[in-house]
Amino acid sequence: MKQQTISIEPLDSDAVHAIKFSRSSRYLALVQRGYAAVIDLATGEMRGSCKVPGDTSHAVSILDSGEGLITGERALAVYPLPKGKRLPLDKKFKRPVVAQALDASEERLASISSMNSGDRARVHHLGTKEVVADFRDKNWGKLDAVAFVSDDEIGILEADYVYEVWSISKKALVRSQALSIETAETSRESVLSPDGSLALSQMNGEAILWSTATGEVLWRKPSRGVGHMDAAGNRIITYEDGLMLHERSTDRIVCLELSGTTRAISPCGRFLAATPQGDQREVVLIDFDDHLPLPADWLENAVEATPASAVEKKTTKSAAKKSATGAAKKQKTPWLKAHRTKLTAIVHSQPCDPDGFYLSAESAWERLAPGKPLPDSLDRAEERERQEYLGLRAPKDLRKVNLATDFWNALVALWSQVEGVGFILDLALEHLKPEAPEISFKYLSFEGQPFYWALRRYLHIATPEQFAEAADRIRAIVESTDAVARVHEGPRRELRDGLAFAFSRDTDWPSRVLQRNADEGGYSSLAGLFALVSVSPDFDLAMAALQNAYPGGTIYTGAFDVIENFGAQAFEILDTPQVRNSYVNKSELESATKLAKKLIGS
């Protein structure tokens, strides 16, 4: 993933408030107050620029030839490039344009406008400037998005999650479909795929991708801001104090250091353009295929994105039967590869276990230092600095937890395979000296969950000798009261829980700690307790501990570890109020619960 910053005069004079890619993803339009520019991504040069009114809204379209853009201010206007002289498209209706879309031939423009008497949808012919169709419905509230479904149909998405298809020639409603989830909340904003088959909506702190044909929810993730997606709905951008890229096909999440107040993802899914943190007068262009600056032939070599609804399956009956038979032989359990990637360690092998679950030293180094040669040995001071980039304490939101998880997984993999497990303990446990102040001790509390997740993963594949040596060293530290004499019980117990979880290859260790916690009374953090529950072999002890947990806290992950540990019994744990009410990633918990139910019946 490579990125570059675009800063073109006078784009540094005011905030960029509209970004739009052309259909082929070759051109990028940037709009600020009073000015607009179009960049040719194949050459990096400006295709053209123009002055625009100061009240230009966020709705903008760009012709795929790069020869013009259409802005949606109080009245629509076309700006032919490179000269950019304004040609009013609509002088009659003076209202803000909320969203717009071009048809496949780029001869017509569909737009939705906000009015005091209700929102309105129109279709313009760009050549004749004629209003081909004008739609109003007394049942409409706020309209969010519009798309061309076919030559004679447009799709309109309402803020209350109802999608309607209207005939342009008949000016009549063809069909409508509501989202399958009931809610009293209206959408802050939604976006449609170019063909209208997919909608991405913001609801109750989540970004939800759903089918406009059936209303079925296809994907959902926590998000504090409105998202954007590519044409196929595979790469999705959400907002959590910064931008996150989700890739549905691989279940990959990439956290981006961008504020994302204004952003757009290209239809092909290759590029993201967004305003950077702290200065929205510039635009950062990210190439997820690592080719910035772009090679001259990138357009010829690019794979054209096709919406999922338009993919035609040409498999013959015999080939389909053969494929299904092979899949049935390979997949003997309800587990899927997507489930297995959520584990902290693979304890019971399955046919669908993902490749690369345990990173090699080379793969880990490429993630931490792309393009640099892997060293034969690691410098302790440099690795300490790398470790302190995030610290061992996890932030309190899902975006940063995912970022920390990827970071620590690569870092612990590198340390363990280049220098050995002892190197990890040297760096991580240096804060546990008896003279260390309390804050240093908290540095290793179980608030640092991603570190312990990664440590468990690579301790699980360490040699028996390496594991035994590390375990003896840790037991001595945990059992030493001198090292924690000036620390109150909360952090002391969190450290004990975290280390018991990480060293759960010794299967009795988590149960011993659970029992000790029960004997001492008091409460553990819910995160640490759930981690112990997910790896303890004693189901009754685990359930009792969870049911007596302090009501409150946050669980970020671990549902699939519970299933890996307890199999069908995991459903009872996942269905407790303590877990249901505290698990942040609701879609992950729902997926794990369904898997546990399947195991009950298998």
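This note goes through the model point by point, from the whole chain down to single residues.

1. Basis. This is a predicted model, in which local features need pLDDT of at least 70 and side-chain atom pairs count only at pLDDT 80 or more, while totals for chains, interfaces and linings use all residues. Residues are numbered from 1 along each chain as its sequence is written, and side-chain values use heavy atoms, with hydrogens and water left out.

2. Whole chain. The protein chain has 18 helices and 28 strands. Both are DSSP runs numbered from the N terminus: helices are H or I with at least four residues, strands are E with at least two. Of its 602 residues, 53% count as buried. Buried means under 20% relative accessible area, exposed means over 50%, and partly exposed is in between (1.4 Å probe, protein chains only).

3. Surface and contact range. The accessible surface of the protein chain is about 27100 Å². Carbon and sulfur atoms hold 49% of that surface. The areas come from the Shrake-Rupley method with a 1.4 Å probe; for residues, only the protein chains shown count as cover. Take the contacts between residues at least 6 apart in sequence: 55% of them join residues at least 24 apart. Contact means heavy atoms within 4.5 Å.

4. Helices α13 and α14. Two packed helices are described by the angle between their axes and the distance between the axes. Helix α13 (residues 526–535) packs against helix α14 (residues 539–547) at about 165 degrees, with the axes 9 Å apart. That makes α13 roughly antiparallel to α14. Axes are lines fitted to C-alpha atoms, for helices over the stretch in contact, and angles run from 0 to 180 degrees between N-to-C directions. Angles under 35 degrees count as roughly parallel, over 145 as roughly antiparallel, 65 to 115 as roughly perpendicular, and the rest as oblique.

5. The α13 and α14 contact. L526, L529 and V533 in α13 meet A542, A545 and L546 in α14. The residues of this contact divide into six nonpolar, no polar and no charged. Here Ala, Val, Leu, Ile, Met, Phe, Trp, Tyr, Cys and Pro count as nonpolar; Asp, Glu, Lys and Arg count as charged; the others, Gly among them, count as polar. The crossing of α13 and α14 is left-handed. That term applies if the near helix is turned anticlockwise from the far one by less than a right angle; clockwise is right-handed.

6. Helices α12 and α14. The axes of α12 (residues 508–520) and α14 come within 10 Å and cross at roughly 40 degrees. The two helices are therefore oblique to each other. Their crossing is left-handed. From α12, S511, L514 and Q515 meet L541, A542 and A545 of α14. The residues of this contact divide into four nonpolar, two polar and no charged.

7. Helix α9. Helix α9 (residues 449–459) is mostly covered, with eleven of its eleven residues buried. Among the buried residues are R456 and R457, along with F451, Y452 and W453.

8. Two buried loop residues. D506 lies in the loop between α11 (489–502) and α12. At 17% relative accessibility, D506 counts as buried. D506 touches F467, R475 and R512, not counting residues up to four places away in sequence. D506 and H460 are 46 residues apart in sequence, yet 9.6 Å apart C-alpha to C-alpha. S582 is in the loop between α17 (577–580) and α18 (586–601). S582 is buried too, at 10% relative accessibility. Leaving aside neighbours within four places in sequence, S582 is in contact with L526, G553, T554 and I555.

9. Positive phi. E106 is not a glycine but has a positive phi of about 60 degrees. E106 sits in the loop between β10 (97–102) and β11 (108–113). E106 counts as buried, at 18% relative accessibility. K129 is likewise not a glycine and has a positive phi of about 65 degrees. K129 sits in the loop between β12 (120–125) and β13 (131–135). K129 is partly exposed, with a relative accessible area of 41%.

10. L87 is in strand β9 (residues 87–88) and is partly exposed at 35%. The C-alpha atoms of L87 and K129, 42 residues apart along the chain, are separated by 9.8 Å. R384 is in helix α5 (residues 380–387) and is partly exposed at 25%.
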